[in-house]
Amino acid sequence: MKNKTWIAFANRKRCHHAEAFKELGYISWTMHRTHFNIGDIIYFFMSDERCIRFKGKVVKQNCNREDSSYWIEQAPNDKTYRIQLIEEYHGTELQEKHLFTHGFKGYLQHPLCNNEELLSYITSKF
């Protein structure tokens with residue numbers, strides 16, 4: 001099976017994903033209603049910065065949550081994927097205003113893997 005590339009919404013009001021990536025080198029992501037596979041690539045749209053900033057890779061599944069200390073609210077006690085940090089983007093071309101011109105809609109209710117134009121554009125910047 002071919003691995004997929006995704007965009008996920010990292011909500012700063014719920015969890016400090018950026019700090020977890022920088023300090024732990026990974027984040028835990030719920031398996032509830034999410035269908036990643038080991039090897040999938042995920043780009044993270046940061047809610048507070050309004051840009052794609054991190055690229056991660058799914059390296060494990062059915063893990064206990066290990067990033068609870070980075071949560072604002074009570075962290076869910078659920079099974080998770082471990083998403084290892086691959087790269088952090090430091091440019092300006094992945095800001096929301098640029099993403100809109102490539103098919104971005106502004107908010108992601110759930111991770112997205114079927115917007116080929118947008119994913120191709122993001123991939124080209126990393």
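The model is predicted, so local features need pLDDT of at least 70 and side-chain atom pairs count only at pLDDT 80 or more, while totals for chains, interfaces and linings use all residues. Residues are numbered from 1 along each chain as its sequence is written, and side-chain values use heavy atoms, with hydrogens and water left out.

**Aromatic rings**

Rings of Phe, Tyr and Trp (its six-membered ring) pair if their centres lie within 6.5 Å; planes under 30 degrees apart count as stacked, over 60 as edge-to-face and the rest as tilted. By this rule there are ten aromatic pairs. Phe-45 belongs to strand 3 (residues 41-46) and Phe-104 to the loop between helix 2 (96-100) and helix 3 (116-125), so the pair ties together parts that are 59 residues apart in sequence. Helices (H or I, at least four residues) and strands (E, at least two) are DSSP runs, numbered from the N terminus.

Phe-104 is also buried, at 5% relative accessible area. Next, select Phe-100, which forms a tilted aromatic pair with Phe-104, at 5.8 Å centre to centre and 40° between the planes. Phe-100 is partly exposed, with a relative accessible area of 42%.

**Helix 1**

Move to helix 1 (residues 17-24), whose buried residues are His-17, Ala-18, Ala-20 and Phe-21. They cover an arc of only 165° around the axis, which puts them on the same side of helix 1; the arc is that of the directions from the helix axis to the C-beta atoms. On the face turned away from this buried side, select the exposed residues Lys-22 and Glu-23. Just after helix 1, Gly-25 has a positive phi of about 85°.

**The largest pocket**

Finally, display the lining of the largest pocket, which comprises 22 residues; Phe-9, Arg-14, Trp-29, Thr-30 and Gln-109 lie nearest its centre. Here a pocket is an open set of points on a 1 Å grid over the protein atoms alone, where a 1.4 Å probe fits, with protein on both sides within 12 Å along at least five of seven lines; lining residues have an atom within 4 Å of a point. Strand 1 and strand 2 are the elements that give two or more residues to this lining.

How values were computed. Buried < 20%, exposed > 50% of the residue type's maximum accessible area, 1.4 Å probe, protein only.
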